[in-house]
Amino acid sequence: LNPLTAMGIGATCIFTGLLVTFPPQSLPALYDLSPILAYPGVFTAGLGDPIMTIATLRALYDIQLQKKGLLTPKMVTRITSIWIVGYSSMYYAGSFIAGTLMDYFTYSE
C-alpha cells in the first residue's frame, strides 16, 4: 500500500470518526443519534491515527532512501526515534494545552 494512500485512508477515518462523534446540528439524523454513534466514531477516529503514523514513518523512510541511498539500521533507528519523540511530544502537549485552557472554553458560566 502506498504511504500516500494509507495517509488518505487514515485521514478519512479520523474525519469520519470525528464527524460521527461530534456531528453538527445541521445534520439532524447524525445529531440525534450522536450518543449511540459516539463509541463507533471514537473507534474509527482511533483507527485512523495509527494508520497515519505508520504511513508517515514509511514515507519518511522512502524520502531518506531517495536522499541518502541505502540506510544503516542505526540511521533507521535514529529517524524513527526522532519521529516518535516528536509525535509523542505534540500528542501530550495538545492534551496539556487542552487541560490548561479547559476553564476558558467551557459552555457553563
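1. A crossing of two helices is called left-handed if the near helix is turned anticlockwise from the far one by less than a right angle, and right-handed if it is turned clockwise. By that rule, the crossing of α1 and α3 is left-handed. Keep in mind that the model is predicted.

2. Start with helix α1, residues 3-21. Its 19 residues, at 1.5 Å each, should span 27 Å. The C-alpha atoms at its ends are 27 Å apart, so expectation and model agree.

3. Which residues of α1 are buried? They are Pro3, Ala6, Gly10, Cys13, Gly17, Val20 and Thr21. These residues cover an arc of only 130° around the axis, so they lie on the same side of α1. Leu4 and Phe15 are exposed, on the other side of the helix.

4. What covers the buried residues of α1? The cover includes α3. The axes of α1 and α3 are 7 Å apart, and the two helices pack at an angle of about 160°. Angles over 145 degrees count as roughly antiparallel. The pair α1 and α3 is therefore roughly antiparallel.

5. Helix α3 covers residues 34-68, and Ser34 belongs to it. Is Ser34 buried or exposed? Its relative accessibility is 16%. The cut-off for buried is under 20%, so Ser34 counts as buried. Leaving aside residues up to four places away in sequence, Ser34 touches Thr21 and Pro23. Thr21 is itself one of the buried residues of α1.

6. Thr56 also sits in α3. Its relative accessibility is 17%, so Thr56 counts as buried too. Beyond residues up to four places away in sequence, Thr56 touches Met7 and Trp83. Ser89 lies 33 residues from Thr56 along the chain. Their C-alpha atoms are separated by 16 Å.

7. Now the packing of α3 against helix α4, residues 73-100. The angle is about 140°, and the axes are 11 Å apart. That makes α3 oblique to α4. The crossing of α3 and α4 is right-handed, whereas that of α1 and α3 is left-handed.

8. Which residues meet where α3 packs on α4? From α3 come Asp49, Thr53, Thr56, Leu57, Leu60, Tyr61, Gln64 and Lys68. From α4 come Met75, Val76, Ile79, Thr80, Trp83 and Tyr87.

Conventions:
Residues numbered from 1 in each chain as written. Predicted model: local features only at pLDDT ≥ 70, side-chain atom pairs only at ≥ 80, totals over all residues. Heavy atoms only, no water. Helix = DSSP H or I, 4+ residues; strand = E, 2+ residues; numbered from the N terminus. Buried < 20%, exposed > 50% of the residue type's maximum accessible area, 1.4 Å probe, protein only. Contact = heavy atoms within 4.5 Å. Expected span 1.5 Å × (residues − 1). Arc of directions from axis to C-beta. Axes fitted to C-alpha atoms, helices over the stretch in contact; angles between N-to-C directions. Parallel < 35°, antiparallel > 145°, perpendicular 65-115°, else oblique.
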